[in-house]
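Dear colleague,

I am passing on the structure below, and my notes on it follow directly after. Please read them with the structure open beside you.

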Amino acid sequence: MGYTLCVLGCGTMGIAITSGVLASLHPQSLLHGLNSGQPKWESHTPGTSTPTPVADDDPRLPSRFIACVQREESARRLREKFRAVLGGDAVQVTVGANVSAVQLSDVVLLCCKPQGASSILNESGIKEALAGKLLISILTGVTIAQLSAWVFPSTTVVRAMPNVACRIREGMTVVSTLPSSDSEGLSKQIVLQIFSSIGRCRFLEERHFDASTALSGSGPAFACIFLEAMADGGVMMGLPRAEALELASQSLQGAARMALQPGAHPAQIKDSVTTPGGCTIAGLLALEDGRVRSTIARAIQVATERASELGQPTTK
């Protein structure tokens, strides 16, 4: 049998991750949209690191899912969403039962708000329930040192930072390097199986997490500003809104996929479509006039600085 995965504080990201893992285990579920009920326009895309098929009793795979929330209304919504994915009760949803859920689990995914980590991990009985288990936190700004102070030394603590695109299994997740232990190999495979099921996964030292949060966590929001501006420009020049947005979206998606190809570089792609005296170079010069490069880079810098402040104790 595989392991039991418990999601503490199963909100938007918890739903997305759990649904992605379920979808990777049950490929037919990809025909169902999580939120809209509409078919996913593309069941698999280049660049998505999907795990290779493994046996049902593989220890790297979850065989049972428990999602924990604090309100009955949230539990009802969760059950409806998970039923929409698989058409059944694949996930056990509990209300106000964190301790018992963790006791039944082998791997725990902490998905609450950063400010709620202390209260959840200091709940009576949680520390004992987590002993000897793998705790994966996706909380922005809450460090491994902070998390480790709330659990026993036998608990393996890992940080992961997925982004919003994991909702459609095109996410980018950064995971902290695992501490050396007898179970390090299996723990790493478990983490890879979870986050590779919702997109790309990269291991980095924890010192890079604030920058990673700004770049890949906040990055989709920054990209959407650029995307919306491109569409607005198309509308200004006479294109219908829907078509302008489609053209801009596919252009950015295609450019990103090209940049992810081995040996590719954004500058190389840019130069390949920039002909002497053409429209591309004219537009590029307008972007340079607006200091687009430095503005975007500064946005990453400011977001990184803010990420380092989140999850830390507030001082009055």
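Strands S7 (residues 171-176) and S8 (residues 199-204) run parallel and are joined by 6 bridges, where strands (E, at least two residues) and helices (H or I, at least four) are DSSP runs numbered from the N terminus, and two strands pair if DSSP finds at least two bridges between them. Thr 173 has Cys 201 of S8 as its bridge partner. Between S7 and S8 the chain passes through helix H7 (residues 184-196), and this β-α-β crossover is right-handed, that is, clockwise from the first strand over the helix to the second with the strands pointing away from the viewer.

This is a predicted model, in which local features need pLDDT of at least 70 and side-chain atom pairs count only at pLDDT 80 or more, while totals for chains, interfaces and linings use all residues. Residues are numbered from 1 along each chain as its sequence is written, and side-chain values use heavy atoms, with hydrogens and water left out.

Strand S2 (residues 62-69) is largely enclosed by the rest of the structure, because 6 of its 8 residues are buried (under 20% relative accessible area, 1.4 Å probe, protein chains only). S2 runs parallel to S1 (residues 3-8), with 6 bridges joining them, and it also pairs in the parallel sense with S3 (residues 91-95) over 5 bridges.

UniProt, in an unreviewed entry, places a "binding site" at Asn 98, although such annotations may be inferred rather than shown by experiment. Asn 98 lies in helix H3 (residues 98-103) and counts as buried at 4% relative accessibility.

Best wishes

Technical notes:
Buried < 20%, exposed > 50% of the residue type's maximum accessible area, 1.4 Å probe, protein only.
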